[in-house]
Amino acid sequence: MKRVARFEKVSLQQFMAGWTDTFGSQDPGGIEQIYDSIRLPRRATAGSAGYDFFAPAAITLKPGETVKVPTGIRVWMEPEWVLKCYPRSGLGFKYRLQLNNTVGIIDSDYYYSDNEGHIFSKLTNDSREGKTVEISAGDGFMQGIFVEYGITLDDCVDNVRNGGFGSTTGQNG
């Protein structure tokens with residue numbers, strides 16, 4: 001098995017910035033408690049492909065509601081690898097919980113961004129059955145799978161990333 005990546009927590013300052021951007025101004029001591037309880041993603045079994053991401057706080061989503069979750073996590077990975085993120089399959093199956101971008105793509109160079117490569121997850125409860133999704137703090141809500149990728153023979157990109165969502169669009173016209 002190839003070992004190609006390492007999960008880390010972003011700095012407390014970066015987590016606080018992401019948290020207040022999402023949930024508004026709150027008691028810094030409360031945000032620090034949430035930060036201290038963040039668990040790094042891990043696989044549940046030796047045969048699991050996906051690394052479970054754990055909710056930093058309780059999440060409740062009524063049908064049609066959306067929330068942006070600052071995970072407090074970043075990932076260093078070898079070049080030519082990508083982390084693909086999906087909702088945990090049970091949550092998707094039971095509640096139609098979806099990532100708003102369908103599949104989250106975390107590129108290897110995102111680690112070096114100004115925001116420390118802070119991974120966010122935007123979730124929507126797309127239940128058609130009126131089901132409310134309740135995820136407790138510390139419960140797995142998303143899974144990430146590392147995938148190796150290739151490039152075309154004529155690829156000559158040398159641009160450098162600085163940013164997150166959509167930051168690489170249009171750089172090569």
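In this predicted model, a salt bridge joins the side chains of Glu8 and Arg74, with an N to O distance of 3.3 Å. The two partners come from distant parts of the chain: Glu8 sits in strand β1 (residues 5-9) and Arg74 in strand β5, 66 residues apart. Both Glu8 and Arg74 are buried.

Strand β5, to which Arg74 belongs, covers residues 73-77. The relative accessibility of Arg74 is 13%, and because buried means under 20%, Arg74 falls in that class. A polar atom of the Arg74 side chain also lies 3.4 Å from the backbone oxygen of Glu116. Leaving aside residues up to four places away in sequence, Arg74 touches Arg6, Phe7, Glu8, Lys9 and Val10, along with Tyr111, Glu116, Gly117 and Ile119.

Salt bridges in the model come to 8 by the rule used here. One of them is formed by Asp52 and Arg88, whose closest N and O atoms are 3.5 Å apart. Asp52 lies in strand β2 (residues 51-54) and Arg88 in the loop between β6 (81-87) and α3 (89-95), so this pair ties together parts that are 36 residues apart in sequence. Asp52 counts as buried at 12% relative accessibility, whereas Arg88 is partly exposed at 29%.

A further salt bridge pairs Arg128 with Asp126, the closest N and O atoms being 2.9 Å apart. Here Arg128 is exposed, with a relative accessible area of 63%, while Asp126 is partly exposed, with 22%.

Notes:
Residues numbered from 1 in each chain as written. Predicted model: local features only at pLDDT ≥ 70, side-chain atom pairs only at ≥ 80, totals over all residues. Heavy atoms only, no water. Helix = DSSP H or I, 4+ residues; strand = E, 2+ residues; numbered from the N terminus. Buried < 20%, exposed > 50% of the residue type's maximum accessible area, 1.4 Å probe, protein only. Polar contact = N/O pair within 3.5 Å; in protein donor to acceptor, adjacent residues only side chain to side chain. Contact = heavy atoms within 4.5 Å. Salt bridge = Lys/Arg side-chain N within 4 Å of Asp/Glu carboxyl O.
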